[in-house]
Amino acid sequence: MDEYAKKIHQFYERHRRMPSFGELMRLWSYRTKSAVDYRVNKLIREGRIAKDKTGRLVPGNPEGTRVLGLIEAGFPSPAEEELLDVMSFDEYLTPNKESSYILKVKGDSMIEAGIHSGDMVIVERRAAYKPGQIVIASVDNEYTMKYLRKDKKGAHYLEAANKKYKSIYPRESFRVEAVVIAVVRKY
Amino acid sequence: MSWGDQVSYPRAILHIDGDAFFAACEVAKNPSLRGKPVVTGKERGIVSAATYEAKRLGIKRGVALSEVRKICPEAIILPSDYETYSLFSNRMYAIVRRYTSAVEEYSIDECFADLTGLRRTFRMSYAEIAQAIKRDLQRELGMTFSMGLSATKVLAKLGSKWEKPDGFTCIPLRDKEQFLAETPCIKVWGIGGNTAAYLEKHGIQTALQFANKNEAWVRRTVSKPYFELWQELNGEVALELDTKGRESYQSISKTKTFTPPSADGQFVFSQLSKNIENACIKARRWNLASGDIYFFLKTQDFRYRGMELRLSHPTNVPQDILRVVREHFPRIFRPGILYRATGVTLAKLRDAGSAQLDLFGSVLKTEGWKKVFESVDGLSRKYGKHAVFLGSSFTAMQFGTHLGERGDVPDRTRDPFRGETRRKRLAIPTLGSVS
C-alpha cells in the first residue's frame, strides 16, 4: 500500500468514515484540492477507494468489508476431525482386543466355509456360544474348528464344512473355547 | 453405604496375582497341556514356573531341570516364551483398567488396583467388582488368578496369597485380626528372613503381634520401611499405588548364560558385545546415557570376575563402551577356563540430552555414531530387534544363546504366518494350530 492510501486507511480506522477533500489536503500536505483530486482518481483507478453516487469517497469495497488477505486455492490438508471416524485394521479385526487370539488352520475340514489349510483364524473367548457359529472346541484336549450345532433333543454337536468328515458328538470332554470372528489370508 | 463398610474399607485395594503365570500361559496356548505337570525355563536349566499339577509332585521354582526329570519323568519342560507372557500380561492390565484407571503394574503377573469409590458407578460392592474383574480375566485369558481385597496393599497381598490357586480372599478391616493372627511375620510382603528373626527376638512371631505394638515402640525399634508395613497392617495406607509405571532407570543390566560353556575368547567376547549392544538399545529407548560401566565374566564353576570402568563422557553408543571393554577384556579373561555367562551394567544413568562435553573432543566422534544409531534404532523398529548389529557380536548372534536341547525355541517363532518374519510377529497370542 502506498503512503497516500495508508493515510486514508489510518483516517478511516480512527474516524470510521472516509475523509473529505479538505481533510485529504491536510492529510497529504497538498496545497490544492486539484492535486488531491489527481491523487484520488489515481487511487480509484487502482481500486483502493471508490466514489459513491453523490461523489463522496467510500472504501474500495462498496459493501464495506475488508479484504484480509489472499487465500491459496486447493484442497485443505485432512483435518484431525475428519479422521475420527475411521478405524485401524487392528480395531476392525480384533474389536475386543483382550479376548482375541489367532490360530493356524491345518487341513480341509472347513473348506466349504471358505477356510483353507494355512489360513489364520481370529477367535474370541466369550462367556457363551451360539449354534451356527464356527467355534474352536477342545475335544479330548485337542483343538478342533467346526460349526456348533444343536440337534432336536437340544444336545450340542460339532459339524464340519466338508462331507468327508463326520459330525462329532462329544462324549465326555467337550468344551467350546472360542468363536471364529475372522479369517485372514495373505498372498 | 453402611457404617460397617466405611470402617472395613476406608480404601479398597485389590491385589491380582496370576497363578503359576508363565506355566499357565503355556497351558492357555495349548489345551493338550491341561491337567499335566508343565514346567517352563528349559533355556535356563532351572524351573521358572510350574503348573499346580507339577507343584503337587514337589516341583518348585528354581529347581534344576535334571532334578525335575528325576522327580517326575512325565513332566513337560518348555522353553520360556516371554513374548507371549508379555502379551498376556498387557491384557491383564488392560482388563483391570476397564474397571479403574488406578492400576499399578507391579510385575509381569501381578498388579494392584484401587477400587475406592467405585461402588456407586458399578452398583456393586467392592467384593462384587473384584469378582467381575476375576471373571473377565479368567474368561478372556483362559487361566486362573488369585485375588485379595483389603484396605491397603500389604493386606491385599496377604489376601491374594491366602488361597491359591483360583482364590479370592477379602480382608475387611473388621476381620483383619483373625487373618494377622494366623500369619507368621515372614509371610508379610516386605519382611525378609533377617527382619523376621529380629522381630522374633522381641517376642514377635505373628503379623498380629507386630501390628498390635504401639507406634512409639515401632518407631524406636524398626526402620522406616517396616514402620510403613506396620501402618499398612493396621489398615492405614502408607504405600500408595504407583500408577505411572516406570519413568526411568538408575542402571541397566544385561546378562546372558550360554550353553555349552566356552573357553574361546572370541566367542565369550562376542557374547559380551551382544549384551553391551542390548544394554545400549535399552538406554537409547529411555534416552539415557552412562559413563560408569561394569562388566563381568562368570566361569563354569560360578565364579565371577569383573571390572568397573569410567568413560570420559556418558554414552549410549556401544562402540564407546566396547573400545574400553576390549582393552581390559584380556585382564579378566583367562585362557583355558570355561565361561558360562557374561554381563554388563550401565550404572549412574543420566539423561542422554544433558550429557557434558569432555575436554579432548572424543564426544564429537560420538556425535557421528549417534546419528548412525538413530538409523539402527529406526531399522530395528521396522524390521525387528537386531536387524543390524555389530560385527563384534556376530558369533553370539549367529549361534543363538544355547546349543543342544536348551536351545529349543518357543513354537511361536518356528511356524510363522505368511507376512510374519523371524524378527517380527503379530502382537496377539497364538493358540497354535487347529484342524
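How many bridges join strand 3 of chain A to strand 14 of chain B, and in which direction do the two strands run? In this predicted model, strand 3 (residues 100-105) of chain A is joined to strand 14 of chain B by three bridges, and the strands run parallel. Within this pairing, A:Val105 stands opposite B:Val434 of strand 14 of chain B.

The size of an interface is often given as the accessible area lost when the parts come together. For chain B and chain A, the buried area is about 2600 Å², and carbon and sulfur atoms contribute 57% of it.

| Quantity between chain B and chain A | Value |
|---|---|
| Residues from chain B | 28 residues |
| Residues from chain A | 30 residues |
| Salt bridges | four salt bridges |
| Polar contacts (both residues at pLDDT 80 or more) | 18 residue pairs |

A salt bridge is formed by B:Arg98 with A:Glu98, in which the closest N and O atoms are 3.0 Å apart. On the side of chain B that touches chain A, the elements giving two or more residues are helix 2 (21-29), helix 5 (82-97), helix 7 (126-141) and strand 14 (430-434) of chain B. Strand 14 of chain B supplies the largest share of that side, namely five residues. Classified by residue type, the side of chain B that touches chain A comprises 13 nonpolar, seven polar and eight charged residues.

Key
Residues numbered from 1 in each chain as written. Chains lettered and ligands numbered in written order. Predicted model: local features only at pLDDT ≥ 70, side-chain atom pairs only at ≥ 80, totals over all residues. Heavy atoms only, no water. Contact = heavy atoms within 4.5 Å. Buried area = accessible area lost by both parts, 1.4 Å probe. Salt bridge = Lys/Arg side-chain N within 4 Å of Asp/Glu carboxyl O. Polar contact = N/O pair within 3.5 Å; in protein donor to acceptor, adjacent residues only side chain to side chain. Helix = DSSP H or I, 4+ residues; strand = E, 2+ residues; numbered from the N terminus. Nonpolar A, V, L, I, M, F, W, Y, C, P; charged D, E, K, R; others polar. Pairing = 2+ DSSP bridges.
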